[in-house]
Amino acid sequence: MDTPKATTSKAPDPWDIGFGVLVLAGSLLAIFVWFPADIKGGFFNTTPLGRIEPGDAFFPILLAATLGFLSALQVAISLIKGSPSPSPGSLGKLTPHNIRFLIIFLSICATGLLIMFVLGPTVVWVMRELGLTDAEYRYLTDTAPYKYIGYVVGGFLMTVTLIAWTEGRVRPAGIIAVLSVLVVAIVVFDVLLTNVLLPPNAEF
């Protein structure tokens, strides 16, 4: 007796569609509700010298719009191409492994962002206690090297940890890639764009 062939039909993946719709809705909510109510500056600002520079809303809107575009693209691809139909008994379910993955991922991101936010002020506080400086961190948010401490250390540890966790090892290529991205971001957002503060310095 011939063994029946496995089905190769394709159908939209509800997980892909649901995730894409959720991110798209969040992006639109941020652009049209959150940002207008929370950000006072415009998308572009004109300096007293007549030079047009990115405003306070420039990068948040750019990021939200990018996420919205990518999520809409994901939904469209899922609807058009679909995904192979799973074999009987192999339908996707939320398992302890999925929850463990999500917890680890969120923990790495939260720890990296926490380091990014508190390391700079903590270093300056220690220096004040040792009598090495009289300034508070709020006055050093645009002063090197203080403004780079949290961003570089927190961003480096978070990204390298995620890459090492994904690949199961730490590779020199991954470290070099992360450092390169950090340097490029500093050059673009701190050197070329003079009215932009690296995260989380704008919060102080």
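The largest cavity is lined by V160, I163, A164, R169, V170, R171, G174 and I175. A cavity here is a set of points, on a 1 Å grid over the protein atoms alone, where a 1.4 Å probe fits but cannot get out, and lining residues have an atom within 4 Å of a point. The model is predicted: local features need pLDDT of at least 70, side-chain atom pairs count only at pLDDT 80 or more, and totals for chains, interfaces and linings use all residues. Residues are numbered from 1 along each chain as its sequence is written, and side-chain values use heavy atoms, with hydrogens and water left out.

Two elements, α4 (146–167) and α5 (172–192), each give two or more residues to this lining. Helices are DSSP runs (H or I, at least four residues), numbered from the N terminus. The largest share, 3 residues, comes from α4. By type, the lining has 5 nonpolar, 1 polar and 2 charged residues; Ala, Val, Leu, Ile, Met, Phe, Trp, Tyr, Cys and Pro count as nonpolar, Asp, Glu, Lys and Arg as charged, and the others, Gly among them, as polar. The volume of the largest cavity is about 50 Å³, taken as the space filled by probe spheres set on the points, which are joined across faces, edges and corners.

Elsewhere, the axes of helix α1 (residues 14–38) and helix α2 (residues 58–81) come within 8 Å and cross at roughly 155°. Axes are lines fitted to C-alpha atoms, for helices over the stretch in contact (heavy atoms within 4.5 Å), with angles from 0 to 180 degrees between N-to-C directions. The crossing angle therefore makes α1 roughly antiparallel to α2, a label for angles over 145 degrees. Among the residues making the contact are F19 and L24 of α1 and L67 and V75 of α2.

How values were computed: Angles under 35 degrees count as roughly parallel, over 145 as roughly antiparallel, 65 to 115 as roughly perpendicular and the rest as oblique. On a 1 Å grid over the protein atoms alone, a cavity is a set of points where a 1.4 Å probe fits but cannot get out, and a pocket is an open set with protein on both sides within 12 Å along at least five of seven lines; lining residues have an atom within 4 Å of a point.
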